[in-house]
Amino acid sequence: MAAMAGSGLSNQTGAAVGALAFPVLGPLGVVAVRQYVAALVLLAVARPRPRAFTWRQWWPVLLLGGVFGSMNLSLYSAVDRIGLGLAVTLEFLGPLAIALAASRRRLDAGCAVLAAAGVVVLMRPRPSTDYAGMALGLVAACCWASYILLNRVVGRRVPGVQGAAAASAVSALAFLPAGVTVALAHPPTAGAVLCAVTAGLLSSAVPYLTDLLTLRHVPAQTFGLFMSVNPVLAAVVGWVVLGQGLGGAEWAGIGAVVTANAVSIATTRG
């Protein structure tokens with residue numbers, strides 16, 4: 001439980017620290033650095049052998065690398081516009097949708113309605129509503145759902161975690177031109193680079209390694225249930241680190257999405 005809590009807190013704290021570098025590097029620059037850090041860590045851990053990959057293994061790896069980068073870029077762009085708590089909550093709809101789509105239970109249909117109600121509350125029209133930011137959060141949700149599905153394919157076709165490591169390398173290479181362009185257009189400060197690297201370590205390296213070890217001792221259902229607290233952690237960390245306060249309606253919307261996920265997983269058999 002401590003490891004899972006630490007993983008979630010690390011992930012959201014990393015995102016918040018990365019947001020501190022947005023004024024200098026922008027979301028694109030921070031995500032580029034995060035992809036570099038993630039690739040270095042995963043390559044060091046998995047040590048993949050890409051020359052031995054067949055095309056049947058390579059194509060889902062390439063897609064996974066593209067989705068990995070798109071997911072982080074859309075999420076960080078959403079964080080820049082609507083705040084960490086709301087962005088992570090909208091992104092969380094991706095895995096929730098996959099879980100609910102695979103079920104035929106009436107209870108899960110009710111969970112879907114509850115989650116939809118939460119989203120309606122979060123996206124209700126207001127003078128300050130940033131619809132572009134909301135849309136980016138939903139794009140991140142679609143990317144996360146695709147990430148889960150592609151990870152299953154890669155996991156079946158590539159041994160161990162070599163596929164995930166190769167995909168992270170593909171994503172890092174894809175972001176290399178963007179990183180160079182951002183660095184030349186806006187010379188980064190040491191503080192901004194430190195924040196971006198910290199985001200990569202806390203949001204990629206620490207959660208990946210911690211989750212890898214945790215899943216050896218904790219049932220997948222329990223792990224999934226605990227993952228549902230991430231939107232709450234994101235809202236709290238966004239408030240503490242970034243000063244992004246939320247109103248009662250926003251907390252109610254986040255609570256609805258979290259509850260829908262928790263109830264669906266907690267009542268799933270097996």
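Predicted model: local features only at pLDDT ≥ 70, side-chain atom pairs only at ≥ 80, totals over all residues.

Colleague: What should I look for just after helix 2?

Modeller: Look at the backbone angle phi there. R47 takes a positive value of about 45°.

Colleague: Now for packing. At what angle do helix 3 and helix 8 pack?

Modeller: You read two things for a pair, the angle and the distance between axes. Helix 3 (residues 55-82) and helix 8 (residues 162-185) pack at about 60°, with axes 8 Å apart. Helix 3 and helix 8 are therefore oblique to each other. Their crossing is right-handed.

Colleague: Which residues of helix 3 and helix 8 meet?

Modeller: From helix 3 they include W58, L62, G65 and F68, and from helix 8 they include G163, A167, S171 and F175. Sorted by class, this contact of helix 3 with helix 8 has 10 nonpolar, 5 polar and no charged residues.

Colleague: Are helix 6 and helix 12 roughly parallel or roughly antiparallel to each other?

Modeller: Start from the angle again. The axes of helix 6 (residues 106-122) and helix 12 (residues 248-266) cross at roughly 160° and come within 8 Å. An angle over 145 degrees counts as roughly antiparallel, and helix 6 and helix 12 are therefore roughly antiparallel to each other. The crossing of this pair is left-handed. Among the residues in contact are D108, C111 and L114 of helix 6, with E250, G253 and V257 of helix 12. The contact of helix 6 with helix 12 divides into 13 nonpolar, 4 polar and 2 charged residues.

Colleague: And how do helix 2 and helix 8 cross?

Modeller: Their axes come within 7 Å and cross at roughly 145°, and the crossing is left-handed. Helix 2 brings residues including L28, Y36 and L43, and these meet a set in helix 8 that includes S168, F175 and V182. By class, the contact of helix 2 with helix 8 has 18 nonpolar, 6 polar and no charged residues.

How values were computed: Residues numbered from 1 in each chain as written. Heavy atoms only, no water. Helix = DSSP H or I, 4+ residues; strand = E, 2+ residues; numbered from the N terminus. Axes fitted to C-alpha atoms, helices over the stretch in contact; angles between N-to-C directions. Parallel < 35°, antiparallel > 145°, perpendicular 65-115°, else oblique. Left-handed = near helix turned anticlockwise from the far one by under 90°. Contact = heavy atoms within 4.5 Å. Nonpolar A, V, L, I, M, F, W, Y, C, P; charged D, E, K, R; others polar.
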